[in-house]
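The report is meant to be read alongside the coordinates.

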Amino acid sequence: MWTIWSSLLVPSLLSGAEASVVPQSKFISRLQSVSRNPNYPLDVVDKFEEATMPKVEAYMSERITSGTNNNCTLENAVIRQEWSDLSEEQRQEYVAAVTCLTKLPPKSDKARFPGAMSRYDDFVAFHMTHAMQLHDNYHLFGAHKYYVWLFEKALREECGYTGYQPYMNYDRYSQDPYNSPLLNGNASSLGGNGELEPTYKGVPQPGRTPNIIASGGGGGCVTSGPFSDMVVSLGPTSMSMGSNLPKNPKADGTGPNPRCLRRDVNKNAFMGATADRAFSLLNDNAEMDGFYNQLLGTPPPRNDPYPWGIHTAGHYVAAVDPGGDPNTSPGDPLFYFHHTALDRLWWIWQMQDPGMRLNAIPFVNGSMTMPGHGKRQSKDPNDVIVDLEWLGPPVKLMETHDQLGGNGGLFCYVYV
Ligand SMILES: [Cu+2]
């Protein structure tokens, strides 16, 4: 396959004699041997990611020299891949592992979460009761990195999954999400669209023009593919965007409320997270505050038909219930694909200048926080602990910023 790496080799090849001994690191060879879906040529972000890998190598060799890599190396780091780059068998193995997690008994407190039916729901239960904390300016990146990593760990250790958490490259699906390997409703997809729910209009976006992510024609129960028989129990909460949903017996949504998974596969949302937008996010922001604001779409972009920001866009590519409820959003397995995609973008951004960016946190001086979740904060980030309680042991915030040796070396992964 033609890649930036192979193009780097060309001048040496042309120069003759030493062509056969052009050094290529084991890491680069390893990444090049990862299979790719030929239907999706590398986009501008994929190429940017490839071009970043020599920086990652330089950075890791410094870590190894200084003895701070916690045994993580680029030879033993695991590789997270895009959904369509996995084989159909690998995709089905992932789906089977998630389904397995929805059948294992919960470990969360039964009295507090009578609606949590499974190990899968343990994660939803945490997110729905800690949404404010998880989305403040300290936690948005690091806490979600840890949260997704713990989910991946549960899939592997409790359900025998042999792969790693996939991400979604929104751009691959933005032109025709309905027929995409992600959402076409085949056995190797994450399930299909919801049925038409005429009262579902979309996701209001007050303050933006347009001021709604208009419905893509779904909004009701998913009827095809994996998760069409998923039983959603927790929620909805007061923040739900769904329409015609059965009410939860408990006011905070923690009671049992068995119902179908509802979706609206939505091109208007996908279009807000295309590769050109992700590239601008990565390339136009040397400072964390700018990266964070642009990711969240604040201030709202003008003269843009899809002015959502990639974070919001990615949440609504198919979400209604529970995926469209900011509290219970991990109740739709797509959540993990979205937050893994954001984790990848964050990592690529960090690795442009690890010395400056690895530990960067937005708005440390506390003048602003994520809109709608704002209370002033001015803690020293080194004092912040990410405590996911029943999901895993507490970790220092700065440990969650480092996917190549962080969390005592338990984090050790790259993206391709
Ligand atoms: Cu979240």
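The model is predicted, and its pLDDT averages 92, with 91% of the residues scoring at least 70.

As to overall form, the secondary structure consists of 14 helices and ten strands, and the C-alpha atoms occupy a box of roughly 75 × 50 × 45 Å along the principal axes. The radius of gyration is 21 Å, which agrees with the value near 22 Å that a compact globule of 416 residues would have. Of the 416 residues, 48% count as buried. When contacts between residues at least 6 apart in sequence are considered, 70% of them join residues at least 24 apart.

Helix H5, which spans residues 119–129, has eleven of its eleven residues buried, so this helix is largely enclosed by the rest of the structure. Among these buried residues are Arg-119, Asp-121, Asp-122 and His-127, as well as Phe-123, Val-124 and Phe-126. The buried residues of H5 pack against helix H4 (88–101), helix H6 (131–134) and helix H7 (139–159).

Two of these neighbours of H5, H4 and H7, also form a pair with axes that come within 9 Å and cross at roughly 85°. That angle makes H4 roughly perpendicular to H7. On the H4 side the residues are Ala-97, Val-98, Cys-100 and Leu-101, and they meet Ala-154, Leu-155, Glu-158 and Cys-159 of H7. By class, this contact has seven nonpolar, no polar and one charged residues.

Another pair is formed by helix H3 (residues 44–65) and helix H10 (residues 275–283), which pack at an angle of about 35° with their axes 8 Å apart. Val-44, Val-45 and Phe-48 of H3 make the contact with Ala-275, Asp-276, Ala-278, Phe-279 and Leu-282 of H10. The class count for H3 with H10 is seven nonpolar, no polar and one charged residues.

The geometry of the two pairs is set out in the table.

| Helix pair | Angle | Axes |
|---|---|---|
| H3 and H10 | about 35° | 8 Å apart |
| H4 and H7 | roughly 85° | come within 9 Å |

How values were computed. Residues numbered from 1 in each chain as written. Predicted model: local features only at pLDDT ≥ 70, side-chain atom pairs only at ≥ 80, totals over all residues. Axes fitted to C-alpha atoms, helices over the stretch in contact; angles between N-to-C directions. Helix = DSSP H or I, 4+ residues; strand = E, 2+ residues; numbered from the N terminus. Contact = placed C-beta atoms within 7 Å. Nonpolar A, V, L, I, M, F, W, Y, C, P; charged D, E, K, R; others polar. Rg over C-alpha atoms; globule rule 2.2 N^0.38 Å. Buried ≥ 20, exposed ≤ 12 C-beta atoms within 10 Å, placed from the backbone. pLDDT = per-residue confidence, 0-100. Parallel < 35°, antiparallel > 145°, perpendicular 65-115°, else oblique.
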